[in-house]
Amino acid sequence: MDKTVTFALAKGRLAEKSAELLQKCGIDCANILEPTRKLVLTDASGKYKFIFVKPSDVPIYVERGVADIGVVGKDTLMEDGADVYELADLGFAKCRLAVAGYPGFDLTDRTGLKVATKYGNIARRYFESKGQNVEIITLHGSIELGPIVGLSDVILDIVESGKTLKENGLTVLEEICDVSARLIVNKVSLKTKAQDIKPLVEKIFSALE
Ligand code: PRP
């Protein structure tokens, strides 16, 4: 039986923080921090394999068992859902989900509000819960352009430092929730590779304390 533990790591900001956490757990993954275009790497011991995927694809790799463990933003889990165990809030990559637009824009009692977002499901649920009818415009990046070019009235997006909003003359109009990186595990792997995964998860918990 394959004893390798495979991690799905989101390329970009999350990868670096994830590697730092794994180093604290005694996994030598210095090579992850080096610039590379490789999509599959192993640690020095060969026990752990890392696959680098688009952040929004992490849950599907873990759900399908191609990866045993993954690190992913709560925003992605909320948007796409996944049949995985969410074992820990890793406490990094903290940001907020928010509705943003031009300062003073009145969101109340607006019907047919145009909302640009890459979080269509979250947006639909959020506005439905407020009983507000909206038109969702799906974008894949540079969401802040929406109101600036008149494509949308507002946006629903993650806000980290708030710099992108500020530099584009926009502001948070409504906060939805805080989000951060989560540790997710494949449901079958947690049983079949328990001897390898459980001690690792415990080390991760200790490293977080
Ligand atoms: C995200 C998000 C905002 C920005 C927020 O975009 O969609 O645009 O970061 O960060 P800030 O509050 O620190 O400015 P990302 O950098 O992931 O790029 P994208 O536009 O391609 O989604």
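Modeller: A patch is made of residues with over 30% relative accessible area and no salt bridge, where like charges are joined within 9 Å and nonpolar side chains (Val, Leu, Ile, Met, Phe, Trp, Tyr) within 5 Å. This is a predicted model, so local features need pLDDT of at least 70 and side-chain atom pairs pLDDT 80 or more, while totals for chains, interfaces and linings use all residues. Residues are numbered from 1 along each chain as its sequence is written, and side-chain values use heavy atoms, without hydrogens and water.

Biologist: Thanks! Which residues form the positive surface patch?

Modeller: Lys and Arg count as positive, Asp and Glu as negative, with His and chain ends not counted; a salt bridge puts a Lys or Arg side-chain nitrogen within 4 Å of an Asp or Glu carboxyl oxygen. The patch consists of Lys11, Arg37, Lys54 and Lys118.

Biologist: Is Lys11 buried or exposed, or something in between?

Modeller: Lys11 sits in the loop between β1 (5-10) and α1 (13-24). Buried means under 20% relative accessible area and exposed over 50%, with partly exposed in between (1.4 Å probe, protein chains only). Because its relative accessible area is 45%, Lys11 is partly exposed.

Biologist: How far apart are the mean positions of the positive and negative charges of the chain?

Modeller: Each charge is placed at NZ of Lys, CZ of Arg, CG of Asp or CD of Glu. The chain has 28 positive and 30 negative charges. The separation of their mean positions is 3 Å.

Biologist: What share of the residues in the chain is buried?

Modeller: The chain has 9 helices and 11 strands, and its C-alpha atoms fill a box of roughly 55 × 30 × 30 Å along the principal axes. Of its 209 residues, the buried share is 44%.

Biologist: Why does Gly120 count as buried?

Modeller: Gly120 belongs to helix α5 (residues 120-129). Leaving aside residues up to four places away in sequence, Gly120 touches Glu79 and Ile136, where contact means heavy atoms within 4.5 Å. The C-alpha atoms of Gly120 and Ile136, 16 residues apart along the chain, are separated by 6.5 Å. Gly120 counts as buried because its relative accessibility is 16%.

Biologist: What is the relative accessible area of Ser142?

Modeller: Ser142 lies in the loop between β8 (134-138) and α6 (145-149). Its phi is near 45°, a positive value in a residue other than glycine. Ser142 is exposed, because its relative accessible area is 55%.

Biologist: And what is the relative accessible area of Ala93?

Modeller: Ala93 is placed in the loop between β5 (85-89) and β6 (95-101). Phi here is positive too, near 55° for Ala93. Ala93 is partly exposed, because its relative accessible area is 33%.

Notes. Areas by Shrake-Rupley, 256 points an atom, 1.4 Å probe, with all protein chains shown as cover. Helix = DSSP H or I, 4+ residues; strand = E, 2+ residues; numbered from the N terminus.
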